[in-house]
Structure formats: C-alpha cells, structure tokens
Amino acid sequence: MEIKEFYKKLWDDVYAILKPQGFRRKGSNIFLVQENGIVKLIELQKSRFNTADWNQFTMNVGLALFETPVEPEKLHYWCMHFRYHLGESLEDGWDHQFWYHVTFPKPYCWVENGIIHTPAFSMGTYLSMENIHTSVCGLVSKKVLPFWDSIQTHADYLTFLNENQNSPGLGMNMESVRMLARIYGKELLPFLERSLEGKWKSMKNWMSSLSEEQKVSQAISIEKWEKKKQELTELIEELKKG
C-alpha cells in the first residue's frame, strides 16, 4: 500500500468510528464541539522529518471546556486545555507519545525481535501497516471513546478536574483558569487549591536544586511563575469571598 493511501484509509476508518457520535473532521483533526462548550479532539500528527523512506506519525488527544462553542476553523490540538497522546496500548498512560513507523530506510534500519534497530540505537516496536491500522483504530474505540463518553456535562468535567491526579492546573493560562472560575464559581476551589499546592511544591523542589548562577539564568521563568502564583492566589480569594 502506498503511504498516501495508508493515511487516507486510516483517517477514514478513525472517522467512521467517531462519526456516529457526532464528530466532524477538518484536515488532520477529528473533533466534537458540544453545545455546552466541551470540545473533544483527536489529531494525526506526521513527523516534520518525513521522507519517502522514513515516515512516522503520532496520535494526539485533546479535551477542553470553553464558555461558548469554538469555531471549527480555530480548533487545534494546542488550544486544548488537556493534551494527551494515544500511546501504543490500553495499559499505556496518556503521557506516552508513541511514534508509529510507517516506513524506515533499509539497510540502515532493520527489524530484530520485533524492534526496529539502527547501528546507534533502537527506534521502538515494529508494526506492519496493517497492524498499525488495527492498533490505532482499536485504541480509539477502546481507550479514547470511553474516556470521552465519561465527560458529557459540566458536572462530568468538574469531576474530571477534581479526580485527575495529573491535571495541568497551572499549565493552563490564566485566561482559561478564569473562564473555568466563571463557569463553576466556588465549585472550582478544590481543583485550584490542589493545583496550586502541587505546582508550588514542584517549583520549590526545582528551585532548591538550582545553583545561584542557575537561578539568575532562570530569573524570567521564576518571575513568570511568581506572577501566576499571585494571580491564582488572588482568584482563589475572590472565589472564597464571592
């Protein structure tokens, strides 16, 4: 199968899985924009280094909540509040970015015991085009859809925020955090306080590992964090008073 045909069939079949749920597609994105502002998105990301001999891709999964539905042409993986990767198995965490190798240059690379090798390093699991197709479609059906199905309402989204142990919290910009505060009010406090506490602990651990010279070189990053910490602290206080 030609590479172009492979990608077309793969994307057509992923869309066929999601279309009955109301998803649409545009370019490399398949997405659902719910009337309540919840957005679900999956993206096929090809490597920018792809050639005819060396061709690989990864699958990105996004989730977000906006006050009003987002226009499809403005949707992109990087505007999602929660950004995950499909991984390579049902047991994989959402943070494992697995790159599927559709083709690779031979004889510079070879397969041994199911692993793609180069003279310098191993590139990971080898899968045929057929097995890649089966793997991706299976993970979309059995991993992504159940995750998305569990988040249909604002109440579901809030439960997700409070139960998600790896929430980005302060990874969101303050505009997004304030938007969530407008939607949920005081109900958002547990999420904000937990995020602030966890992020602050990580920040203190990171700063304690820096030398004085490194602290000087990282001054801008530290200043940005301090500003965000202050803004979030003020928002928490506002919600408590409101």
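This is a predicted model: local features need pLDDT of at least 70, side-chain atom pairs count only at pLDDT 80 or more; totals for chains, interfaces and linings use all residues.
Local features need pLDDT of at least 70 and side-chain atom pairs count only at pLDDT 80 or more, while totals for chains, interfaces and linings use all residues. Residues are numbered from 1 along each chain as its sequence is written, and side-chain values use heavy atoms, with hydrogens and water left out.

**View 1. His133 in helix α2.** Let's start with His133, which sits in helix α2, residues 129-149 (helices are DSSP runs of H or I with at least four residues, strands are runs of E with at least two, both numbered from the N terminus). His133 counts as buried because its relative accessibility is 18% (buried is under 20% relative accessible area, exposed over 50%, partly exposed in between, with a 1.4 Å probe and protein chains only). Leaving out residues up to four places away in sequence, His133 touches Phe6, Lys9, Leu10 and Asp13 (contact means heavy atoms within 4.5 Å).

**View 2. Val70 in a loop.** Here we visit the loop between β4 (55-65) and β5 (82-85), where Val70 is found. Val70 is buried because its relative accessible area is 18%. Beyond residues up to four places away in sequence, Val70 touches Val33, Val39 and Leu75. Trp206 is 136 residues from Val70 in sequence, and their C-alpha atoms are 36 Å apart in space.

**View 3. The open sheet β7-β8-β9.** Three strands make up this open sheet, in the order β7-β8-β9 with antiparallel pairing (two strands pair if DSSP finds at least two bridges between them). At the edges lie β7 (110-112) and β9 (122-125), each pairing on one side only. Strand β8 (residues 115-117) joins β9 through three bridges in the antiparallel sense. Ile115 has Thr125 in β9 as its bridge partner.
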